[in-house]
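I opened this model to look up its overall make-up and a few local packing details. My entries follow in the order I made them.

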Amino acid sequence: MERAHDQIITDPILNEMAKNIEEAMKILENGQREVEERQKYILKDIPGPLQGCGQDVSSILQLIQNLMYGEEKEDSQRMHGLGERGHVTLLGHSLVAYISGLHRERVRRLSIRVQSDTTLWLCRIFRYENGSAYYHDDDREGLLRVCRLVLYSRYEDYATEGYAVLSCRHPVIYQSSACRPGLGHYLCSQLGLALSSLCTVPSSTTFGSEHQMDVSVLDRLIKDDVKSGKVPLLLIANAGTAGAGHTDKLGNLRELCDQHNMWLHVEGVNLATLALSCVTSSVLAATRCDSMTLTLGPWLGLPAVPAVTLYRHEDPALALATGLASTQVAEKLRALPLWMSLQNLGHDRIVKRIKHALRLVEDEVNSPIVLFKFSQETSPESPESNGDSLDEYSEGEIEFQDTLNRWLGEQLAQQVPSSGVDLVHLEDEGSCVRFNPLMTSALLGTQDGDVDALMERIGEMVPLLSLTMCLRHEFREEVSNHSNLTYVEDLNWPGLGGIRYNPTCKDPDESKRQLLQEKINGDLLKNLQQLETEVEFSTGPEFSPEKSCIFIGMATENLDVAKLVDAIAAMGRDIEEGSKLLDNMTETVQRGIQEAERQLQKANEEKIMKEGVLRQIPVVGSVLNWFSPVQSSVNGKTFNLVAGSLDSTESIYSMKTQPVKETDLTPVFNITKQSDGKKLFHRSPASSESLSVASSVSQPGDVETVHFQVPVAQVYSTETTEDLPSRPCRPSHSSEDSLAEEVEN
């Protein structure tokens, strides 16, 4: 194959270019280097000066790969393989740069052939007879050039007088309320028109036509503008609205535009169905429009090919003046990647790709976009439907359902990335999940198995959404039953809600109380996240105004909300009591250190008085101790953190063990958890199995009690050289720093 390929391509530069692109794509898609080399290139991600000797192409491609994928190791997060068609498109972009350097006459002949062939093929495929084409990267640019063309046509002096001719007779551009956001403002800003030149036509209120332009309202608006001296310039219609994929009544709109001498422009994803042998009458009416914009890249899975605006106009001079036609070679060569891709695909495979996308939605030609959302109405008997605050709760319920649908869309996009689902917000329906295979399936390679996986995930998530919606009110009621807990309302959080533990702090300083609250809630969140349970605990939305809160995620099957709230309250109390105990220990240690210093100093004074002054003199004392050693008894002290007292160590040295008093028992904090952690907080038929956090009694059956014990610090004196007991204990010193170090150890 390679030899035949080389024999066909006689130009060695073209042959080398094709090989280089193929090799570059292999490096970017499948190239994997050693870990050390990857780390080396990651360091080069930091911008710096150009290297003096330059870098080889392989190194540059490796750097690009690291910039694209970073540390990602899973191929599922990468773009679907480009395949042969993608490589052909990329080769076309490279050829544009190569051809532009050839002799001008050769470039002119080639560019004319490329543009004429591509325009002819597209007009035949999409049933747009006698049309011209404008190729552009921004899919709005074609409509912008069309608007300029219509301005030149309707205002004879526009070419010489400019915007001055528009002051007496203002032009008006009409668009549907279901049009893609920002399109009308973009046109006005680029054309230098006031926003008053943009007229938004409401959608129909007829059942089944909610997203279609209301033709009767449009007719009335046009007549009112004509009476006021304005010029109806152009109408933007949709063959597949940006959100719901509905098609306007293009036949009626065509007749209305003919009556008022208006230009009709059509855009939308449903225009792709014009390539099929069987087309609905509503979409087929688009072939009678004055211009249409086609986005072939997403429809056919071709990367970086230009969008195409097909139009009909009899005056080529005006098309040249407005930029729809061009004498520049670079403009004409813009169609080269598309020209090569269309030839590589062929008519049959173009139709096959569009049919495959429609088959994923069961050949729904009228609107090949599926929109769905989770919606659960509140029953009249439920406590949520309180008549006192019905309106407020209804608004909150709608907003919360939008949050749940956003969560649903994000989860589906993450778990089934090949499905290409995304989120869309409609004015009437709110947040919805959209499946638009015509725009995503060719690029992502969506298959029937992806649709089945999508349906399976929806079946798993909808019960969780319904359960969360039902238990949310119960969770709020259970939180209100605890004086030390506060329910936090955040409609942007997809879960049961937020909760805040309020410590019983009497400190008058507000800042100290707030710091204590933040610390306790932070420790409480860490402890909850360590539990082995299906319930998720989080700090909440990233930009939430609520601080020092714990947000509970989606409800799980058989979740016992009362157990959950009781456990959080009890755990918060234990953390607060532990914090108080540590504070009390600090004060106790300080008092103990002072008392130990005083007693040790008193003991040293008594020792000096008992032994005599002469024994304190260095030379004399050594001689006296040699002839007459002093027999001293152990006079050590032990410091009990719990009791806060200094006791004698005489019993320790006599019995060779440390006695434990009842008052010396270390406080124990218990967190009970079931051995099967995934069932924690689940409803159980026996009330005796309820979750206990504060009790130290062992739980029977499958419940395990985990103990956290605070050690008791011991302090000893240095007045003995006898053997110390086997229990770890350290000698104390008379200084405060030594005692403090002992307590820390």
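**Entry 1: whole chain.** I began with the surface: the accessible surface of the protein chain comes to about 40,500 Å², and carbon and sulfur atoms account for 52% of that area. I note here that the model is a predicted one. I then looked up burial and found that 46% of the 745 residues count as buried. For secondary structure I have 24 helices and 18 strands in the protein chain. I also checked contact range. Taking contacts between residues at least 6 apart in sequence, 71% join residues at least 24 apart.

**Entry 2: α7 and α9.** I next looked at a helix pair, α7 (residues 141-154) and α9 (residues 183-191). At what angle do α7 and α9 pack? I get about 55°, with the axes 10 Å apart. The crossing of α7 past α9 is right-handed.

I listed the residues that meet. From α7 they are Glu141, Leu143, Leu144, Cys147, Arg148 and Leu151; from α9 they are Leu183, Tyr186, Leu187, Gln190 and Leu191. By class, the residues of this contact divide into 8 nonpolar, 1 polar and 2 charged. For the spacing along the helices I keep in mind that an α-helix has 3.6 residues a turn, so residues three or four places apart point the same way.

**Entry 3: Thr89.** I picked out Thr89, which lies in helix α5 (residues 83-99). Is Thr89 buried or exposed? Its relative accessibility is 0%, so I count Thr89 as buried, the cut-off being under 20%. I then asked which residues Thr89 touches, not counting residues up to four places away in sequence. I find Leu302, Pro303, Val305, Pro337 and Ser341.

**Entry 4: α18.** Last, I went through helix α18 (residues 437-444). Its buried residues are Pro437, Leu438, Thr440 and Ser441. What covers the buried residues of α18? The cover includes the helices α13 (296-300) and α16 (336-359), and also β10 (430-435). Just after α18 I noted Gly445, which takes a positive phi of about 70°.

How values were computed. Residues are numbered from 1 along each chain as its sequence is written. This is a predicted model: local features need pLDDT of at least 70, side-chain atom pairs count only at pLDDT 80 or more; totals for chains, interfaces and linings use all residues. Side-chain values use heavy atoms; hydrogens and water are left out. Axes are lines fitted to C-alpha atoms, for helices over the stretch in contact, and angles run from 0 to 180 degrees between N-to-C directions. Helices (H or I, at least four residues) and strands (E, at least two) are DSSP runs, numbered from the N terminus. A crossing is left-handed if the near helix is turned anticlockwise from the far one by less than a right angle, and right-handed if clockwise. Contact means heavy atoms within 4.5 Å. Ala, Val, Leu, Ile, Met, Phe, Trp, Tyr, Cys and Pro count as nonpolar, Asp, Glu, Lys and Arg as charged, and the others, Gly among them, as polar. Buried means under 20% relative accessible area, exposed over 50%, partly exposed in between (1.4 Å probe, protein chains only). Accessible areas come from the Shrake-Rupley method with a 1.4 Å probe; for residues, only the protein chains shown count as cover.
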